[in-house]
Amino acid sequence: MILLGDFNSVESDRVINELDKYWNRVKKDGVDTRTWPAGNPGLDLDHIFTSRNQVWSVEQLTIPNDGNEWNGIKWH
């Protein structure tokens, strides 16, 4: 299962901390996850979670930050 969307919550908020108890959050070191498109993005409000009952490996995480395209996520 995959749970994703605009949660209107940053990773330090209570709702994200609660979801972290039951789901694996998709993230990758060094990737800017602030919400785009925005004139001046300052917050990471969109999140992706995967079920703890499945094994997922994130090979690549691309956040569209030029406002012109959505590259999405490549799963393995």
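Trainee: What should I know about the model before I start?
Mentor: It is a predicted model, in which local features need pLDDT of at least 70, side-chain atom pairs count only at pLDDT 80 or more, and totals for chains, interfaces and linings use all residues. Residues are numbered from 1 along each chain as its sequence is written, and side-chain values use heavy atoms, with hydrogens and water left out.

Trainee: How many helices and strands does the chain have?
Mentor: The chain has one helix and five strands. From the N terminus on, the order of elements is β-α-β-β-β-β. Helices (H or I, at least four residues) and strands (E, at least two) are DSSP runs, numbered from the N terminus.

Trainee: Which strands make up the open sheet?
Mentor: Three strands form the open sheet, in the order β1-β3-β2 and with antiparallel pairing. The edge strands are β1 and β2 (23-25), each of which pairs on one side only. From one strand to the next, the twist averages 25°. Two strands count as paired if DSSP finds at least two bridges between them.

Trainee: And how many bridges join β1 and β3?
Mentor: β1 and β3 (residues 46-51) pair over five bridges in the antiparallel sense. Gly5 stands opposite His47 in β3. On the other pairing, β2 and β3 are joined over three bridges, also antiparallel, and there Asn24 stands opposite Thr50 in β3. As background, strands of a sheet pair through backbone hydrogen bonds, either parallel or antiparallel.

Trainee: Where does α1 pack?
Mentor: α1 packs on the sheet and touches β1, β2 and β3, and its direction makes about 115° with that of β2. Contact means heavy atoms within 4.5 Å. For the angle, axes are lines fitted to C-alpha atoms, for helices over the stretch in contact, and angles run from 0 to 180 degrees between N-to-C directions.

Trainee: Is β3 largely enclosed or open, and why?
Mentor: Five of the six residues of β3 are buried, so the strand is largely enclosed by the rest of the structure. Buried means under 20% relative accessible area, exposed over 50%, and partly exposed in between (1.4 Å probe, protein chains only). Across the chain of 76 residues, 25% count as buried.

Trainee: Which residues does His47 touch?
Mentor: Leaving aside residues up to four places away in sequence, His47 touches Leu3, Leu4, Gly5, Phe7, Ser9, Val10, Glu11, Ile16 and Arg25. His47 is in strand β3 and counts as buried at 6% relative accessibility. The C-alpha atoms of His47 and Gly5 are separated by 5.8 Å, although the two residues are 42 apart along the chain.

Trainee: New topic: how many salt bridges are there?
Mentor: The structure holds three salt bridges. A salt bridge is a side-chain nitrogen of Lys or Arg within 4 Å of a carboxyl oxygen of Asp or Glu.

Trainee: What does the pair of Arg25 and Glu11 tie together?
Mentor: Arg25 forms a salt bridge with Glu11, with the closest N and O atoms 2.9 Å apart. Arg25 lies in strand β2 and Glu11 in the loop between β1 and α1, so the pair ties together parts that are 14 residues apart in sequence. Arg25 is buried at a relative accessible area of 17%, whereas Glu11 is partly exposed at 41%.

Trainee: What else does Arg25 meet in a salt bridge?
Mentor: The side chains of Asp20 and Arg25 meet in a salt bridge (2.6 Å, N to O).

Trainee: Where do Glu18 and Lys21 lie?
Mentor: Both lie in helix α1, three residues apart, about one turn of the helix. Glu18 and Lys21 form a salt bridge, the closest N and O atoms being 2.9 Å apart. Glu18 is partly exposed, with a relative accessible area of 33%, and Lys21 is partly exposed as well, at 48%.

Trainee: Last one: is Asn8 buried or exposed?
Mentor: Asn8 is exposed, with a relative accessible area of 57%. Asn8 is in the loop between β1 (2-6) and α1 (14-22), and has a positive phi of about 50° although it is not a glycine.
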